Amino acid sequence: MNPVLLHLYPAGFRRAFGDEIAESYREATEGAGRRARLREAADIAAHAVRLRLGLGSAHPGGRLFAAVAPFALAATATYAAFNLIGSVGDWYVMRAAGTPDRVSAFMTLMNGCYLLTLIGAVVALAGRHLPGVLCAVAGAAGSSVTFFYPIWRMPPDLRWELVGFLLAPVLVAALPLACPPDLRPARRVRGAAGMVAVVVWAVLLVGAVVVIDPLGIGLLFPWRFGVPMAAALFLAGRRAFAGIRTTAQLACAAAPFIVTMYFSGWVRDEEILALLGALAATATVLRLRRGSGSDTVNPA
């Protein structure tokens, strides 16, 4: 075992458990190929970094990220579906108006990135956490990178103002990576057929909204954001809500939705303030229900 891996751990933990970690690594990689050794080394490095950052399952930070992770995934899926619905609707209008193919190619690339993000978030919510999250992050990063081209041609003051709109969705999509592996939700959908069915359900939901209102004539934000958000929270399930036990966790779980709503470009500042006010009121009600003096919310 490379000694550099052990030195990634805090000194006290290394002295207490260093020999045990080295022995476990030796047993796991004995007779294994290069890929298995790299995977074990990556797991050890990730565990060490989590301990350094206080994000292990025994730390408050790790438990906080575990509670927030499903809501960050739901917000990522909602944001991707919202943009995919709007992008497909715009593409429909442009094709009907005879817009040049150059724009259609750009829209196709954007749609592909949004679709990748949506599929990744749905797969992660269904139980394949790490592959789904990595897929969602790749899609969110791809859509942001694609947007850099038209933004870079804008005036510098406006250009840097819009960079935040591109980075925020990527950060929200990457947030579930901080969830400790042993606190990730149990797999809710088993088998490849079940996973495909969930993905098809998500894609068909997006298609249904586009078919019903392709031009966005209806109430754009409540319709195109609210329907995917309700579907994503339904996929997250009761267990995600049961994991919210403190007002801090409640605030952090709501934060990804507030961020994605704001950076969707369809929510005004006063509406964000109203959302924050509703969140504060909910936190106050939860505090009044404590009864024992702790900051724990009874999930029942």
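Over residues 191-211 of this predicted model, the chain is 95% helix and 0% strand, and the end C-alpha atoms lie 30 Å apart. Helices are DSSP runs of H or I with at least four residues, strands are runs of E with at least two, and both are numbered from the N terminus. Over residues 105-126 the chain is 100% helix and 0% strand, with end C-alpha atoms 31 Å apart. The UniProt record, an unreviewed entry, places the feature "transmembrane region" at several stretches, including 105-126 and 191-211; its positions follow the numbering used here, feature names are shortened, and annotations may be inferred rather than shown by experiment.

Residues are numbered from 1 along each chain as its sequence is written. Local features need pLDDT of at least 70 and side-chain atom pairs count only at pLDDT 80 or more, while totals for chains, interfaces and linings use all residues; side-chain values use heavy atoms, without hydrogens and water.

Helix α3 comprises 20 residues (34-53), which at 1.5 Å a residue should span 28 Å, and its end C-alpha atoms are 28 Å apart, in agreement. The expected span is 1.5 Å times one less than the number of residues. Among the buried residues of α3 are Ala41, Ile44 and Arg50, where buried means under 20% relative accessible area, exposed over 50%, and partly exposed in between (1.4 Å probe, protein chains only). Just after α3, glycine 54 adopts a positive phi of about 70 degrees.

Arginine 26 lies in helix α2 (residues 11-29) and is partly exposed, with a relative accessible area of 40%. Arginine 26 and arginine 37 are eleven residues apart in sequence and 9.4 Å apart in space, C-alpha to C-alpha.
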